[in-house]
Amino acid sequence: MHSRARSAEAKRSRAEDLLNAARSLAGDLGGVRHLTLAAVAGAAGLHPSAIRRYFDSREELLLELAERGWEQWRETLTARLAGARDLTPAETAAAVAATLTAQPLFCDLLIHVPLSLEGDVGIDRAYQYKTNASAAHDAIIDALTASGTMSADAVRDLTTVALGQTAYLWQISHPTPTLAELYARYPRWGHFALDFEPRLTRLLQATATGLAAGGAAMEAN
């Protein structure tokens with residue numbers, strides 16, 4: 001019994017080593033698109049063949065990081081909003097943008113989740129991800145609604161836009177070496193690739209203001 005418990009604990013510890021190695025490598029290599037299981041295993045001090053004991057695939061490992069990213073975003077956002085009341089739409093949008101920016105790995109993963117990660121794992125793992133990500137999403141909507149003046153529907157729309165804009169803007173603002181060189185040669189193409197948080201904040205504030213105005217107009221009619 002004790003041996004089995006120690007074995008389970010050792011497995012969890014190894015899995016955490018692999019996740020930490022993946023986080024570190026993603027930052028060093030310029031994004032999760034460059035990650036391989038062999039590199040992650042090597043950084044964690046494991047033989048590449050041993051990684052299958054902990055994660056069935058690269059997609060499963062990255063999906064675990066995305067799932068944790070949702071929880072981290074929820075925690076960061078709710079901490080920022082603690083005690084806040086009657087935030088304007090622009091202030092609500094700024095909180096969304098700032099807390100997303102504080103989670104660079106999550107921002108990077110957002111585009112990969114629908115493209116490959118959640119569709120390329122087993123159905124039980126996909127169910128777990130959807131369940132936990134949805135719970136975090138709902139808690140985020142509740143926190144934003146309770147702290148500001150926007151309706152729950154408007155906050156939900158704002159969050160949908162925020163996730164889509166983040167997924168896109170993060171990728172273009174972290175170009176590959178080839179694109180970075182191209183932008184250096186032709187600055188007219190690279191000007192918008194260098195200001196992720198300011199651009200995201202402006203776009204979300206405009207969206208939030210429009211959603212709030214649209215809701216007010218509908219109520220007036």
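## A nonpolar surface patch

Leu179, Leu182, Tyr186 and Trp189 together form a nonpolar surface patch with about 340 Å² of accessible area (Shrake-Rupley method, 1.4 Å probe, with only the protein chains shown counting as cover for residues). Patch members have over 30% relative accessible area and no salt bridge; nonpolar side chains (Val, Leu, Ile, Met, Phe, Trp, Tyr) are joined within 5 Å, and like charges within 9 Å. A salt bridge places a side-chain nitrogen of Lys or Arg within 4 Å of a carboxyl oxygen of Asp or Glu.

Leu179 lies in helix H9 (residues 177–185) (helices are DSSP runs of H or I, at least four residues, and strands are runs of E, at least two, numbered from the N terminus). Its relative accessible area of 34% makes Leu179 partly exposed (buried is under 20%, exposed over 50%, partly exposed in between; 1.4 Å probe, protein chains only).

## Basis of the model

The model is predicted: local features need pLDDT of at least 70 and side-chain atom pairs pLDDT 80 or more, whereas totals for chains, interfaces and linings use all residues. Residues are numbered from 1 along each chain as its sequence is written, and side-chain values use heavy atoms, without hydrogens and water.

Leu204, in helix H11 (residues 196–220), is buried because its relative accessibility is 0%. Beyond neighbours within four places in sequence, Leu204 contacts Ala93, Val96, Ala97, Leu158, Val161 and Ala162 (heavy atoms within 4.5 Å).

Ala93, Val96 and Ala97 are among the buried residues of H4. This helix is largely enclosed by the rest of the structure, because 10 of its 13 residues are buried.
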